[in-house]
Amino acid sequence: MWERPDSPHGDGMMSGRKIRLLLADLTYLRSSPSPIPVPFAIGKLAMKLMQDFGDGIEVTMVRTPRQFYAALDAQQFDIAGFSHYLWNARMSTLLAEHLTSTQPDCVIVFGSWARGVALRGDPLHRAAAAH
């Protein structure tokens, strides 16, 4: 179970180790990866989570499929969050399916400016619904 660091019973750790989070704001490769060079949404989310969980969370951010596959090769993730937009919906879905096949215990979340939906994993869904 994941707990906020200010919880009277927890320290932001899960089973004595950091929560490993992958945040993906995927864009297609082209001469310029995106008109916005900084992944603002996942950057803000990463900052907030690191503020809340401190040393209890490790965040990896990726922008390209190549970075995504390299991150999966490097480690196992507990949670993967995808910035989900019209322009990257198919790519995000395909990469999430790949992640599910290689790391079946990873909780996958899709979100955008409109809403976030936990696709698998009740603990994250309950935590999100509580706020």
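## A first look

Is Tyr85 buried or exposed? With a relative accessible area of 16%, Tyr85 is buried, because buried means under 20%. Keep in mind as you explore that this is a predicted model.

## Tyr85 and its partner

Tyr85 pairs with Trp87: their ring centres are 4.5 Å apart and their planes stand at 10 degrees, so this pair is stacked. Trp87 itself counts as exposed, at 55% relative accessibility.

## Other aromatic rings

In total, the structure holds 4 aromatic pairs. Another of them joins Phe68 and Phe82, whose ring centres lie 5.9 Å apart; their planes are at 45 degrees, so the pair is tilted. This pair links distant parts of the chain, 14 residues apart: Phe68 belongs to helix α2 (residues 65–74) and Phe82 to strand β3 (residues 79–83).

Phe68 is buried, with a relative accessible area of 0%, and Phe82 is buried too, at 3%. Ring pairs also bring Phe68 and Phe82 into a cluster with Tyr69 and Phe110.

## Where two helices meet

Now follow α2 to helix α3 (residues 89–102). The two pack at an angle of about 10 degrees, and their axes are 12 Å apart. That angle makes α2 roughly parallel to α3, and α2 passes α3 in a right-handed crossing.

Which residues in α2 meet α3? They are Pro65, Phe68, Tyr69 and Leu72, and on the α3 side they meet Met91, Leu95, His98, Leu99 and Thr102.

Notes: Residues numbered from 1 in each chain as written. Predicted model: local features only at pLDDT ≥ 70, side-chain atom pairs only at ≥ 80, totals over all residues. Heavy atoms only, no water. Phe/Tyr/Trp six-rings, centres within 6.5 Å; stacked < 30°, edge-to-face > 60°. Helix = DSSP H or I, 4+ residues; strand = E, 2+ residues; numbered from the N terminus. Buried < 20%, exposed > 50% of the residue type's maximum accessible area, 1.4 Å probe, protein only. Axes fitted to C-alpha atoms, helices over the stretch in contact; angles between N-to-C directions. Parallel < 35°, antiparallel > 145°, perpendicular 65-115°, else oblique. Left-handed = near helix turned anticlockwise from the far one by under 90°. Contact = heavy atoms within 4.5 Å.
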